[in-house]
Amino acid sequence: MPTEWLINALQSFGVRLADTSAGVASRRGGAGPSDHKAMTIAGRTVMVPVHTAPAFESPFLVRRPGPDGFSEIEHNGAVIGRVTFPGKPRFYALSTFDGVPYSKIAVLHGRDVLATTILQTCIRYQSRTKTCQFCSIGQSLSAGRTIAHKSPQQLAEVARAAVLLDGVRHMVMTTGTPNATDRGAAVLCESAFAVKAAVDLPIQGQSEPPDDDRWFARMKASGIDALGMHLEAVTPEVRQRIMPGKASVPLDRYFDAFAAAVPVFGRGQVSTYILAGLGDTPAAILMIAERLIGMGVYPFVVPFVPISGTPLESHPAPTPDFMHAILQPLSQMLERAGLRSTDIKAGCGRCGACSALSSYERSGIAA
């Protein structure tokens with residue numbers, strides 16, 4: 001089975017685990033890839049759902065690791081491959097000078113990415129009439145697995161330790177939206193500046209488009225190397241239904257912001273996260289992706305994962321065929337445009353763990 005097909009299948013159906021303690025602890029709730037566990041397949045580390053409703057009934061079972069560290073993957077009882085699990089990072093054993101466990105400040109994503117949600121609150125999450133229906137940003141906070149606001153000093157301390165102890169290579173800083181003006185740009189700037197003063201680590205900042213394009217130059221000057229402004233859904237009707245609050249920032253504002261940000265950060269260093277399976281058709285996603293690529297924006301398309309405790313917890317995940325119908329032609333578009341995940345300095349597109357897209361890029365299918 002080709003690697004890209006296996007990753008699509010595992011991320012669509014999730015897996016059952018014979019040994020839940022293997023590797024880095026799985027994540028429940030919060031921002032980013034939630035209800036997932038990191039696994040390495042054919043040299044690629046990917047995030048695979050393990051706590052979702054589809055995962056509980058998945059035809060895929062990952063066996064307990066053997067003496068060589070490998071676990072067999074079974075599909076309905078037949079062995080189809082092997083995986084390993086990235087080990088628990090050493091920086092998780094430490095606490096900040098003010099007594100907060102490092103794992104509550106930032107976590108390891110994939111194999112070598114440090115990720116943090118600076119503000120674990122959001123103006124949209126407070127109201128179910130405004131919240132993004134797929135979002136679980138408040139779950140990890142209410143469960144005590146994180147803190148509401150990570151200070152610049154805490155982030156700098158943890159980032160330096162993660163680089164020195166675990167060889168972390170880049171960092172993702174995202175944030176809940178604190179206001180309807182800068183939309184998180186200010187907190188990203190102060191946080192990135194502190195981290196860069198402590199350690200030379202490429203950083204991607206992620207926020208909604210700020211209301212003033214001058215923020216892009218400020219973000220770049222503060223030490224942010226790559227920028228993510230995430231569409232999630234690409235058609236107005238799906239955006240209004242799935243994320244009514246975020247849809248108040250229209251698509252036109254996103255595209256104006258992309259056009260202003262690319263000259264600042266560079267072609268391929270601005271990206272957007274698109275969740276396939278929320279209701280947009282493959283044709284609609286590919287049409288938007290083609291427009292984005294023409295602007296120099298990398299469209300990182302990932303399968304939607306129904307997270308427990310959210311309004312969409314029972315929404316079906318996209319099938320492997322659905323993802324293939326998007327990722328194969330998308331990889332060809334990226335190849336023709338000369339945009340590659342490996343050229344991104346930091347962030348989700350470079351990590352690639354939440355999608356099979358980079359596997360399509362590397363497998364030669366794009367060619």
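Q: What is the volume of the second largest cavity?

A: The second largest cavity has a volume of about 30 Å³. On a 1 Å grid over the protein atoms alone, a cavity is a set of points where a 1.4 Å probe fits but cannot get out, whereas a pocket is an open set with protein on both sides within 12 Å along at least five of seven lines; lining residues have an atom within 4 Å of a point. Grid points are joined across faces, edges and corners, and a volume is the space filled by probe spheres set on the points. This is a predicted model, in which local features need pLDDT of at least 70 and side-chain atom pairs count only at pLDDT 80 or more, while totals for chains, interfaces and linings use all residues. Residues are numbered from 1 along each chain as its sequence is written, and side-chain values use heavy atoms, with hydrogens and water left out.

Q: Which residues line the second largest cavity, and which elements give two or more of them?

A: The lining consists of Gln11, Ser12, Phe13, Gly14, Pro49, Thr52, Pro54, Ala55, Phe304, Val305, Pro306 and Ala317. Two or more residues come from each of helix 1 (3-13) and helix 2 (53-56); helices (H or I, at least four residues) and strands (E, at least two) are DSSP runs, numbered from the N terminus. Helix 1 gives the largest share, three residues. By class, eight lining residues are nonpolar, four are polar and none is charged. Here Ala, Val, Leu, Ile, Met, Phe, Trp, Tyr, Cys and Pro count as nonpolar, Asp, Glu, Lys and Arg as charged, and the others, Gly among them, as polar.

Q: Which way do the residues of strand 2 point?

A: In a regular strand the side chains alternate between the two faces of the sheet. In strand 2, His36, Ala38 and Thr40 point one way and Lys37, Met39 and Ile41 the other, and all are buried. Because six of the six residues of strand 2 (residues 36-41) are buried, the strand is largely enclosed by the rest of the structure.

Q: How does strand 2 run relative to strand 3, parallel or antiparallel?

A: Two strands pair if DSSP finds at least two bridges between them. Strand 2 and strand 3 (residues 44-49) run antiparallel and are joined by six bridges. Met39 stands opposite Val46 of strand 3. The hairpin of these strands has two residues between them, and Ala42 takes a positive phi near 50 degrees there.

Q: What is the strand order of the open sheet of four strands?

A: The order is 1-4-5-6, with mixed pairing. Strand 1 (16-17) and strand 6 (78-83) stand at the edges with a single partner strand each, so one side of each lacks a neighbour in the sheet. Strand 5 (residues 71-75) pairs with strand 6 in the antiparallel sense over five bridges, and Gly81 of strand 6 is the bridge partner of Ile73.

Q: Where does the second largest pocket draw its lining from?

A: The second largest pocket holds about 260 Å³ of space. Its lining has 13 residues, of which Arg111, Asp112, Arg350, Cys351 and Arg362 lie nearest the centre. Strand 3 and helix 11 (348-351) are the elements giving two or more residues. The lining comprises two nonpolar, five polar and six charged residues.

Q: Which residues have the most contacts inside the largest nonpolar core?

A: A nonpolar core is a set of buried Ala, Val, Leu, Ile, Met, Phe, Trp, Tyr and Cys residues joined through side-chain atoms within 4.5 Å. The largest has 104 residues, and Met219 and Leu330 have the most contacts inside it. Helix 8 (residues 251-265) gives the largest share of this core, eight residues. Not counting residues up to four places away in sequence, Leu330 touches Leu286, Ala289, Ile293, Pro299, Val301 and Leu357, where contact means heavy atoms within 4.5 Å.

Technical notes:
Buried < 20%, exposed > 50% of the residue type's maximum accessible area, 1.4 Å probe, protein only.
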